[in-house]
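Please walk through this structure with the model open beside the text. The account goes from one chain to the other and ends where they meet.

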Amino acid sequence: MKVNRRKFVQGTAATVAAGMFGSSAWAADEPINVASIHDLSGGLDIYGKPMVDALTLAVEEANAAGGLLGRQIKLINYDTQSNMQLYTQFAQQAALKDKVAVVHGGITSASREVIRPVLDKFKTLYFYNTQYEGGVCDRNQFDTGVTPAQTVEKLVPHAMKKWGKKVYVVAADYNYGQITSQWVKKYVTENGGEVSSIDFFPLDVTNFGPTISKIQAAKPDFVWSALVGGAHISFYRQWAAAGMRKSIPMASTTFAVGNEHIVLSPDECNGMLVCYNYFQDLKNKTNEAFVTAFHKRFGADYPNVTELAMGTYQGFQLWAEGVKKAKSIDRMKVIEALETGISIDAPSGKVTIDPATHHCVLDVHIAEVSDKKLKVLEDFAQQKPSDTAAVCDLIKNPTDNQQYVIKI
Amino acid sequence: MDFVVLLAIQVLYAVASLALISVGLAIIFGMMRVINLAHGEFLMLGGYAAIVATSNGVNIWIAMLVVAPLVVGLIGIVVEMTIIRFLYGRMVDTMLATWGLSLFLVGLTTAIFGNTTVGISAPLGSFQIGAYRTSGYTLFVIAVAVVLMAGIFAVLRFTRLGLIARGTMQNANMAAALGVNPPRVYAVTFGIGAALSGLAGAVLAPVSGVFPTIGVAYVAKSFITVIGGGAAILSGTVSASVLFGTINQIATFLTTPVFGEVALLAAAIVLIRLLPQGITGRFFRRGL
């Protein structure tokens with residue numbers, strides 16, 4: 001194309017005009033941008049890939065149903081490569097360049113604390129869809145994952161009744177593991193038990209030999225694992241290789257979230273207890289329809305829809321429900337609509353936003369690892385995020401902005 | 001008592017794994033004064049070679065003890081002929097070149113295998129020591145290290161190949177005058193060093209799993225061991241492994257794995273301050 005002066009002036013004028021009127025002037029036909037910021041490679045990709053798949057399906061379903069407010073939704077994917085610096089960069093890019101209506105993302109608590117201030121500063125709505133240690137109190141953020149009061153509180157007495165009162169905790173060495181292990185300690189003590197030791201491991205540790213010997217010396221009734229990421233899978237391998245799986249059982253707040261129960265052989269992890277909001281084998285109509293749709297989209301051999309994948313799927317649906325109610329994608333209007341206590345009928349059961357904490361009221365289940373499957377043993381309906389509710393009230397203090405940490 | 005035995009096995013295991021991951025580097029560095037920054041990636045490739053071979057139906061022992069060293073040894077010879085050969089005596093240039101090679105290998109394996117942890121279950125089951133249990137594979141790793149060190153000693157000390165290698169190492173020009181072909185000795189030595197690294201990576205793969213950037217976790221430790229050991233290949237590697245492995249493992253037992261690593265690094269700093277030439281600069285000077 002030849003650019004003469006007249007064409008150049010016309011083009012420039014059009015661009016300048018567009019800039020002056022802003023994007024909202026002709027936005028009706030433009031798609032709504034939604035950002036996904038997840039680790040699709042690196043040590044945390046075991047968590048990130050299923051989350052993005054679930055988000056992709058949620059967006060495609062919404063678009064097939066006519067989009068939101070008559071507009072299509074455009075999902076913009078950022079791969080943070082298990083690298084914290086990229087979180088800052090991509091959060092800024094999503095907020096400033098792509099001007100997204102909402103960011104869904106963050107996997108580890110460390111990554112959430114990296115992007116939370118960025119999205120606060122640039123006034124971009126943020127959904128954190130991972131089960132985590134609880135306590136985040138920030139009006140710009142919604143947390144759709146389960147927290148310790150919903151899971152640890154149920155699993156501790158269940159495991160103690162089954163195995164005994166003495167617990168040894170191994171946890172990942174960053175805010176998630178540090179805080180979650182304190183919750184484990186709190187509930188174990190409240191149930192009349194004893195935590196003999198809590199050991200922390202950086203995410204790249206792969207040699208657990210000395211720890212396994214130390215655990216044997218401590219002779220606990222069971223081990224609690226809050227280990228995170230690909231490198232820590234070797235703990236379960238070495239545990240089984242040392243022949244410990246049969247003598248000391250294990251419960252976990254993180255196992256199977258990255259499909260570890262499929263990566264490992266049944267011999268290395270059968271009998272382990274976990275507690276989450278979602279399991280693929282839950283029996284209800286919404287879930288059966290979801291699993292069929294998911295397998296149709298990603299193949300029937302898809303290993304397992306994880307807790308985090310479902311958190312992300314439900315997070316998107318909650319946001320979409322908020323947008324429908326607000327009849328706008330404006331950040332404040334959507335927050336106010338979500339704060340009316342919106343509910344969805346999700347594959348995991350009924351999920352309701354708790355207005356005071358921006359967390360969710362939802363069902364949880366205890367399950368057991370059994371031959372690469374998760375067998376549900378016990379159900380708890382409609383659990384409130386009471387850990388965060390004890391410290392956080394965004395109705396009374398809408399400007400509160402911090403993560404509360406458990407004190408024992 | 002049984003706990004002491006268990007502790008001793010863990011310490012021996014730490015020593016053995018340090019010696020395994022360092023000996024390939026020690027040979028390449030000690031013989032040729034080449035600082036191979038792609039050493040960690042040789043270990044990583046060994047791990048992948050073993051896992052890929054096992055998942056394609058090769059017996060796990062053959063995969064670890066034969067396939068992995070062969071594959072990585074061949075890669076080592078190719079690397080020597082295409083890159084290292086032109087840079088002998090130019091230490092900084094070899095460091096740059098091998099660093100580039102390291103980045104290239106990480107990128108290549110990420111492209112082929114993806115950036116995920118893969119692993120195989122450790123064979124051999126477990127056994128009982130009094131009230132404790134530990135993995136039989138731990139003893140296997142210790143045995144491999146012992147056999148390997150004895151083998152290297154025998155080759156260097158008693159064979160013609162070892163004599164030629166030691167001669168070339170001491171004075172390449174004199175060896176050439178006596179009819180040895182130093183470039184060929186270098187190529188073979190580099191290949192053997194790489195093969196040993198591949199073997200170590202494969203043997204440790206069932207314990208730690210493998211991912212493209214795992215070399216980073218190994219390379220620092222192996223450099224510390226080689227530098228701490230000093231000029232003699234075998235006695236240096238062994239003595240430094242014993243020292244650092246024991247300190248690391250005991251500190252890990254008493255505190256946490258984090259402080260175990262800190263203790264290892266602190267010991268290395270103190271050692272290099274007291275013995276700038278490494279352990280074999282002062283002790284075992286006549287060792288191999």
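Chain A has 14 helices and 16 strands, where helices (H or I, at least four residues) and strands (E, at least two) are DSSP runs numbered from the N terminus. The radius of gyration of chain A is 22 Å, close to the 22 Å given by the globule rule for 408 residues, so chain A is as compact as a globular protein of that length. That radius is taken over C-alpha atoms, and the globule rule is 2.2 Å times the number of residues to the power 0.38. Along the principal axes, the C-alpha atoms of chain A fill a box of roughly 85 × 50 × 40 Å.

This is a predicted model, in which local features need pLDDT of at least 70 and side-chain atom pairs count only at pLDDT 80 or more, while totals for chains, interfaces and linings use all residues. Residues are numbered from 1 along each chain as its sequence is written, and chains are lettered from A and ligands numbered from 1 in the order in which they are written. The model scores ipTM 0.76 and pTM 0.79.

Of the 408 residues in chain A, 53% are buried. A residue is buried if 20 or more other C-beta atoms lie within 10 Å of its own, exposed if 12 or fewer, and partly exposed in between, with C-beta atoms placed from the backbone. Among contacts in chain A with a separation of 6 or more, 73% come from residues 24 or more positions apart; two residues are in contact if their C-beta atoms, placed from the backbone, lie within 7 Å.

Helix α6 (residues 175-190) of chain A is mostly covered, with twelve of its 16 residues buried. Among them are A:Y176, A:W183 and A:K186. The buried residues of α6(A) pack against α4 (109-121), α5 (152-163), β7 (166-172), β8 (194-201) and β9 (222-226) of chain A. At 1.5 Å a residue, the 16 residues of α6(A) should span 22 Å, and its end C-alpha atoms are 23 Å apart, which agrees. The expected span is 1.5 Å times one less than the number of residues in the helix. After α6(A) comes A:G192, with a positive phi near 80°.

Further along, strands β12 (residues 343-346) and β13 (residues 349-354) of chain A pair in the antiparallel sense over four bridges; two strands pair if DSSP finds at least two bridges between them. A hairpin of two residues joins β12(A) to β13(A), and A:A346 stands opposite A:G349. β13(A) also pairs with β14 (residues 359-370) of chain A, in the antiparallel sense over three bridges. Here A:D354 stands opposite A:H359, and four residues lie between the strands, with A:H358 taking a positive phi near 65°.

In chain B, the mean pLDDT (the predictor's confidence in each residue, from 0 to 100) is 86, and 98% of the residues reach 70 or more.

Where do the chains meet? In all, 30 residues of chain B are in contact with 32 residues of chain A. The elements of chain B that give two or more residues to this side include α1 (2-32), α5 (136-158) and α8 (182-208). The largest share, five residues, comes from α1(B).
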